[in-house]
Protein chains: 2
Amino acid sequence: MKLKSNTPLKNDLFLRAAKGEKVERVPVWLMRQAGRILPQYRALRNSLSGFKELVETPELACEVTLQPIDELEVDAAIIFSDILVIPEAMGLPYEMVEKRGPHFPKTIQTLEDVNALKIAEANDIAYTIEAIKLTKKELNGRVPLIGFAGAPWTIFAYMIEGGGSKTFSKAKGQLYKDPNLSHQLLEKITQSTIVYLKGQIEAGADLVQVFDSWAGILSPTQYAAFALPYIQKICDAIDEVPVTVFAKGAYFARPAVGELNCSVVGVDWNMDIKETRQIIPHKTLQGNLDPCQLYAPLSEVKKATQTMLEQFGGQKHIANLGHGVYPDTPLDSVKCFVDTVKEYSFS
Amino acid sequence: MKLKSNTPLKNDLFLRAAKGEKVERVPVWLMRQAGRILPQYRALRNSLSGFKELVETPELACEVTLQPIDELEVDAAIIFSDILVIPEAMGLPYEMVEKRGPHFPKTIQTLEDVNALKIAEANDIAYTIEAIKLTKKELNGRVPLIGFAGAPWTIFAYMIEGGGSKTFSKAKGQLYKDPNLSHQLLEKITQSTIVYLKGQIEAGADLVQVFDSWAGILSPTQYAAFALPYIQKICDAIDEVPVTVFAKGAYFARPAVGELNCSVVGVDWNMDIKETRQIIPHKTLQGNLDPCQLYAPLSEVKKATQTMLEQFGGQKHIANLGHGVYPDTPLDSVKCFVDTVKEYSFS
């Protein structure tokens with residue numbers, strides 16, 4: 001594994017922790033830190049026609065990626081984009097419907113639908129690649145930049161279901177009904193994702209995170225058959241930078257996730273910290289404060305953050321929430337979380 | 001624990017398994033068996049003004065409760081009702097919005113709101129009590145009748161949030177923001193639930209199940225503080241009939257759920273059967289086929305059901321899905337599931 005470095009990093013805490021190196025203090029960032037929690041994001045977003053304009057305009061994506069670095073002084077930036085750029089690049093476009101979430105006018109139903117999809121090239125998502133280059137330049141080495149993609153099962157779920165769902169029962173049903181179609185689609189998504197992540201790394205991403213947001217709704221058997229092997233292919237294909245795998249809700253898969261060829265494992269707020277550390281002793285863990293904890297009074301936010309830090313123990317840990325920060329979280333609470341991590345000293 | 005018996009049961013497999021007694025074969029029923037999977041339900045439902053008419057008319061509730069007994073020949077009936085009758089009886093009415101789910105025009109925001117609520121009396125939900133009496137009479141001892149209620153945290157979640165939600169972040173936030181208000185509301189819900197369940201038992205329910213549908217979104221700490229103690233109060237208050245506790249998603253709470261004063265523990269499809277049996281060695285377990293498994297070809301449904309049965313081992317097991325059956329499940333698959341359980345013989 002080789003760390004790409006155009007401009008040397010001034011703050012490389014996040015990357016060192018990701019690689020399991022000893023750090024002076026625990027690095028901290030938040031999933032969805034570039035978003036509605038920031039007044040400057042809301043102002044920009046309200047001036048635009050829609051969410052996708054932000055994703056597809058490199059200058060704007062760069063601007064919102066930098067906002068939390070300025071405002072929160074977190075230890076890593078994550079490129080502003082969306083996991084659904086992959087299906088779109090493969091030939092299945094989506095719309096982002098205000099207050100309702102993503103919607104695919106056409107979904108994958110048959111093997112012909114799968115065959116009609118292409119393997120995405122990095123060029124098909126040139127706006128994000130460009131945004132990464134711009135952001136790396138603007139960051140000028142302040143903090144590392146995280147690239148990302150959805151895990152194949154999660155992307156599959158949207159392509160079959162056509163949008164968000166509580167149960168994703170159509171997508172899950174497809175795995176049971178037609179394993180052959182499912183594997184072919186998952187393979188195509190995987191190949192596209194590898195190409196895309198390599199493009200992000202080439203453009204300057206210092207680490208890439210794979211988000212398996214809907215991991216937790218699969219049975220252990222299905223997760224082992226339809227999700228893990230494809231994440232494994234991605235991990236095995238990426239050796240340029242460290243990889244983080246976040247399989248939200250898949251507590252049952254922790255032993256297997258711990259064996260993946262990745263450096264960091266995401267931990268959600270349901271997962272007991274000490275138990276997870278026992279299951280995954282050698283990798284860096286990232287997480288895991290309950291995002292709802294940030295609705296508490298500041299004194300409680302501070303206390304809960306300290307308890308979390310203490311339980312992770314100070315090394316091989318990247319502080320984060322156990323899921324993306326909720327859009328209506330008070331900014332002061334987010335700052336309290338970040339500052340508590342940065343000020344904490346292990347006795 | 002004393003089994004109420006007006007008419008002696010012709011098929012008491014379910015109750016004997018619930019009490020941990022040795023059975024000749026594994027009993028089987030499905031959560032949401034009285035519902036859209038049955039053509040006779042859909043026909044009746046389409047002739048009515050809305051879902052609540054069905055819940056609030058004892059003759060109709062009785063009719064749909066009996067439908068799966070006739071059509072599927074399952075080993076238990078569950079009274080047709082809704083967990084949200086409790087908030088309504090406490091003074092917080094809800095509407096059932098077609099294709100969107102429940103909606104509370106008013107939600108609980110302040111301590112005054114909590115104080116304005118009453119402790120429900122069984123009479124406030126007289127339609128369900130009446131439906132149970134009617135159903136017991138109509139069943140004439142064919143199979144036992146299950147009563148039910150939502151667990152206090154799940155009911156609380158709807159009363160604060162005002163409807164369904166992926167994150168229930170308002171409700172969870174309330175626990176963090178105002179533990180005092182939260183405990184007062186949870187206590188009132190608990191008292192109402194105990195009264196209501198006792199009313200159901202008095203009317204003839206042979207077992208009561210407590211559904212904690214949103215257990216899995218709480219952190220282990222919050223579940224221990226705000227959910228379990230109230231379920232425990234309910235379990236401790238009910239000694240007339242066996243109690244089933246289904247804390248969906250709360251895998252982390254299994255050791256504590258296993259210690260509750262209840263006879264049966266529900267197991268969702270994420271939970272590994274052997275691991276759960278190790279954690280909860282002495283109680284009857286109920287579950288846990290993935291509801292999406294029923295979208296598979298019949299041969300696969302059969303195989304997966306047999307594998308599940310084998311893993312549970314044939315005693316101290318009530319076969320069920322790991323969640324309510326999905327409304328668009330093919331009836332033949334449901335029958336295949338039920339018949340496979342009934343025909344299976346342990347070697």
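Why is H9(B) largely enclosed by the rest of the structure? In this predicted model, seven of the nine residues of H9(B) are buried, so the helix is largely enclosed. Buried here means that 20 or more other C-beta atoms lie within 10 Å of the residue's own. The buried residues are Ser169(B), Ala171(B), Lys172(B), Gly173(B), Gln174(B), Leu175(B) and Tyr176(B).

Next, the cover. Chain B itself contributes helix H8 (152-161), helix H10 (179-203) and helix H11 (220-237) to what covers these residues. Chain A takes part too: its helix H14 (298-312) is included in the cover.

That leads to the interface between the chains. Here 22 residues of chain B are in contact with 22 residues of chain A. On the chain B side, helix H9 (residues 169-177) supplies the largest share, with five residues. By class, the side of chain B that touches chain A holds nine nonpolar, seven polar and six charged residues.

Now turn to a helix pair within chain B. Helix H14 (residues 298-312) packs with helix H15 (residues 331-343) at an angle of about 35°. Their axes are 9 Å apart, and the crossing is right-handed. From H14(B), the residues in contact are Leu298(B), Val301(B), Lys302(B), Thr305(B), Gln306(B) and Leu309(B). They meet Asp332(B), Ser333(B), Cys336(B), Phe337(B), Thr340(B) and Val341(B) of H15(B). This contact has six nonpolar, four polar and two charged residues.

Methods:
Residues numbered from 1 in each chain as written. Chains lettered and ligands numbered in written order. Predicted model: local features only at pLDDT ≥ 70, side-chain atom pairs only at ≥ 80, totals over all residues. Axes fitted to C-alpha atoms, helices over the stretch in contact; angles between N-to-C directions. Helix = DSSP H or I, 4+ residues; strand = E, 2+ residues; numbered from the N terminus. Left-handed = near helix turned anticlockwise from the far one by under 90°. Contact = placed C-beta atoms within 7 Å. Nonpolar A, V, L, I, M, F, W, Y, C, P; charged D, E, K, R; others polar. Buried ≥ 20, exposed ≤ 12 C-beta atoms within 10 Å, placed from the backbone.
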